[in-house]
Every structure is written in structure tokens, then in C-alpha cells.
Amino acid sequence: MGFRLPAAALRPLRSSVLLKPAAQQTRWLATPTPFPVTQNMTSSRGPTAMVFLNMGGPSTTDEVGDFLSRLFADADLIPLGRLQNYLGPLISKRRTPKIQKQYAAIGGGSPIRKWSELQCAEMCKLLDQISPETAPHKPYVAFRYANPLTEHMYRQLLADGFGNGKGGRAVAFTQYPQYSCSTTGSSLNELWKWRQRLEGKAGPLDDGSDGTIKWSVIDRWPVHPGLVEAFAQNIEAKLQEYPPERRDKVVLLFSAHSLPMTVVNRGDPYPAEVGATVHAVMQRLGHVNPYRLCWQSQVGPQPWLGPQTQMSVEEYIAKDQKDLVLIPIAFTSDHIETLYELDEEVIGESGHKDTVKRVESLNDSPVFIKALADLAKTHLDSGIATSPQMSLRCPGCKSDRCHESKKFFAAQELA
């Protein structure tokens with residue numbers, strides 16, 4: 001399945017964003033300084049709330065139960081059919097002790113909140129410099145299954161002076177580079193739900209507006225040059241750990257979160273967009289190394305998109321191909337799927353930890369954070385609420401919620 005991005009999103013990153021001296025890079029990665037957000041700033045279109053959407057993860061082992069309960073209750077991510085309300089709580093309760101041990105093994109909780117808040121804050125600092133007309137930019141994070149939840153983020157927006165008759169603009173910026181109804185779609189559905197609950201009954205003001213927050217969406221960015229460059233640089237760094245005579249023969253195994261085949265067969269664009277990212281990265285690398293795309297994190301008995309990452313590693317080792325590099329291509333920061341599933345299970349159980357390695361996650365990569373800022377500025381300059389692709393539903397979509405959510409965001413009129 002094909003997809004389109006605005007031409008501006010495909011052009012090279014601006015030199016004013018990318019080519020910073022090392023000292024300046026270090027300075028803008030320092031601890032963010034908070035600033036007040038009010039609706040009477042001097043900039044013409046600011047302030048602007050920049051809201052990072054992601055799945056999230058429990059920051060402590062005590063939060064695991066609630067995290068799993070929300071996750072297995074979400075039919076967008078894990079469709080369990082008519083028995084969702086029964087099977088979801090049952091599965092989450094049975095899995096909680098096991099998953100708590102996994103989070104304990106990676107330090108007692110997921111670091112995804114730390115990385116998401118840092119990435120968003122540092123991106124906003126750059127945006128204040130390169131997009132002063134929409135400044136100040138206020139960072140927010142909205143997780144689907146863990147704190148800070150979408151509801152809490154939205155209430156914070158209102159408390160900070162957005163909406164409530166004052167208007168203001170917010171950008172929902174998905175941190176899933178490749179769109180799936182199970183990830184970005186689910187997060188946007190949740191955002192739309194809380195918007196309707198908290199602002200849906202706002203009446204018209206004297207100027208004819210309703211004073212609610214005006215939303216726009218960055219819904220996918222699978223082949224953005226900055227994203228591709230960040231992945232490529234991390235892969236090149238990892239390949240340097242192999243002897244020169246073996247380096248070009250290392251197999252690159254790109255690993256992405258899998259999907260149930262019911263979702264794939266419905267027409268979800270995720271597999272095609274993940275493939276597009278992989279292809280773009282391999283083009284940047286010059287197609288020197290052999291590579292394959294595989295999938296991880298299958299849950300439940302029904303068929304999921306394959307081949308599975310762990311099985312792929314085992315099969316290559318059995319074929320005497322032991323130089324393997326795992327690349328988490330659909331994740332923008334470390335969390336349990338990288339730190340435990342790939343590092344502890346796939347690599348740890350391979351028997352070849354010296355030759356099976358994982359590429360570093362993007363985390364605080366300056367190249368990646370600058371790519372985020374470039375994406376955001378391109379979006380803010382466009383004046384477009386959503387991409388043309390986002391308004392298109394999957395051929396087999398039957399979800400009224402998905403239909404209403406897409407219709408709402410596509411209809412937003414930006415000042």
C-alpha cells in the first residue's frame with residue numbers, strides 16, 4: 001500500500017537546524033527551563049502546545065498492573081473480539097507478575113517517559129529558535145496506557161491556559177513514525193474522546209469562535225531524512241564493533257512491533273510504512289550489508305505478522321550466520337521491547353552475545369531531536385490540519401469511533 005507525504009517533509013533538513021556547533025548541541029540538551037504559557041504572548045500565532053503521543057510504559061513496577069489493564073482493554077491494539085471485556089482483564093492479571101519481573105530487570109520501570117519528555121522539551125527549544133512566529137512552544141506528553149495519560153495531559157492543557165474560551169493551538173505529534181490504526185490511530189481516538197468530553201460542549205463566543213483548542217496532527221513520518229540519518233548513523237557505529245573483514249557480511253535485522261493479521265488484512269498501512277523506513281535506511285547505507293525485516297512482541301494465540309525476530313535470529317544462527325545486528329526500526333526510544341525483549345530474550349538467549357548485537361535507540365540523539373524540530377516546523381508552516389493520508393480509512397474499517405475521530409481532526413480550521 002502506498003502513502004504520500006507533503007513534499008516539504010521530504011526535502012533535506014534545514015542547515016539552521018542541523019549544523020550546530022558541538023558546544024551548542026551540548027547546551028540545548030541541558031535540563032529544560034520552564035516558561036509560562038499564556039494567550040497574550042507577542043508572537044503572531046503562539047503559544048503552541050506540542051503534544052507527543054506514544055504507547056508509554058510503567059515508570060515503576062507498581063504501575064504494571066494498571067498499564068496492562070489499559071493495554072488489553074484496547075481493541076485497537078489487541079483485538080480480542082466480543083470477549084474483550086472478559087479476556088482483557090483476565091490476561092492482564094495473569095501476566096502482571098511476569099511483566100513486573102521484566103521491568104525489575106531493566107531498572108524497575110520503563111525509561112520511555114524520561115526520553116519522551118526530554119525529546120519533546122529539547123525539540124520545543126529548537127522550535128522557539130527556528131519558528132518564533134509560533135513560539136513559545138510548550139512540551140506535553142500523552143501516553144495511551146501509562147502516566148501521563150491522555151486525560152491528564154488534556155486537563156493540564158486547560159489548566160495552562162489553552163481552551164476554556166481562550167482558544168490556542170496544539171499539535172498532536174505521533175512518536176510512532178509509521179502509522180498504524182493500532183498505535184497512532186488508537187492514540188488519536190483517545191485524544192478525540194477526551195477533547196469531546198472536556199471541550200465538546202463549548203458554546204460560541206462573541207467573535208463566533210467556540211474558544212476551544214485548535215488541533216492539528218503530525219500523523220506519520222516514516223522516511224523523513226533526519227529519522228533515516230539518525231538510524232543510519234547508529235547502525236554505522238554498531239558495525240564498527242565487528243572486524244573489518246566481517247563487517248560487510250553482518251546481517252542487519254530490522255525489528256518492528258508486530259500486528260495481528262486481522263489488522264493487517266483490514267488494510268492497515270503500517271507494514272508498508274515500516275518497509276519504506278527500512279528501504280530508506282538501506283539506501284542511505286548504500287545497501288552494503290544484507291538485511292531482512294522481522295517482527296516482535298506477538299501476544300495471544302491468533303496469527304500475527306511474521307517472521308518473528310527471535311525465530312529469525314535462531315534460524316540464522318542455525319545456518320551459521322552469527323554476525324547479526326538488531327535494529328528497532330519502529331521505536332524512537334528505549335523501553336521494554338528493546339531493553340528486555342531484544343537485549344535479554346533475543347540476544348541473551350542466542351548463545352552468541354559477542355556477535356549478535358543491538359543498535360542503540362534514538363533516545364537523546366541530536367540528529368533525531370533536530371529531525372523532530374524540522375518535522376514540526378514544516379507542519380506549522382504548512383497550515384494544514386492533517387495529511388491527506390490520515391483521512392483515509394482502511395478498506396475493512398468498521399469503527400465508528402475511527403470515522404468520527406478522523407473527521408474531527410481533518411475538519412480543524414487553523415488560524
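Let's start with one cysteine. Cys402 is buried, at a relative accessible area of 9%. Buried here means under 20% relative accessible area, exposed means over 50%, and partly exposed is in between, with a 1.4 Å probe and protein chains only.

A word on the source. This is a predicted model, where local features need pLDDT of at least 70, side-chain atom pairs count only at pLDDT 80 or more, and totals for chains, interfaces and linings use all residues. Residues are numbered from 1 along each chain as its sequence is written, and side-chain values use heavy atoms, with hydrogens and water left out.

Back to the cysteines. How many disulfides does a search of the whole structure find? The count is 0. A disulfide is a pair of cysteine sulfur atoms within 2.5 Å. Cys402 is in no disulfide, and its nearest cysteine sulfur, in Cys397, is 4.0 Å away. Cys294 is buried too, at 1% relative accessibility.

Next, helix 6. Helices (H or I, at least four residues) and strands (E, at least two) are DSSP runs, numbered from the N terminus. Helix 6 covers residues 112-130, and Ser116 sits in it. Ser116 is buried, with a relative accessible area of 2%. Contact means heavy atoms within 4.5 Å. Not counting residues up to four places away in sequence, Ser116 touches Phe52, Asn54, Val141 and Phe143.

Ile112 is in helix 6 as well. Is Ile112 buried or exposed? Ile112 is buried, at 4% relative accessibility. Beyond four places in sequence, its contacts include Asn54, Phe143, Ser333 and His335. Then there is Ile336. Ile112 and Ile336 are 224 residues apart in sequence, yet their C-alpha atoms are 8.8 Å apart in space.

Two strands pair if DSSP finds at least two bridges between them.

Strand 7 (residues 324-328) runs parallel to strand 8, joined by 3 bridges. Val325 stands opposite Lys357 of strand 8.
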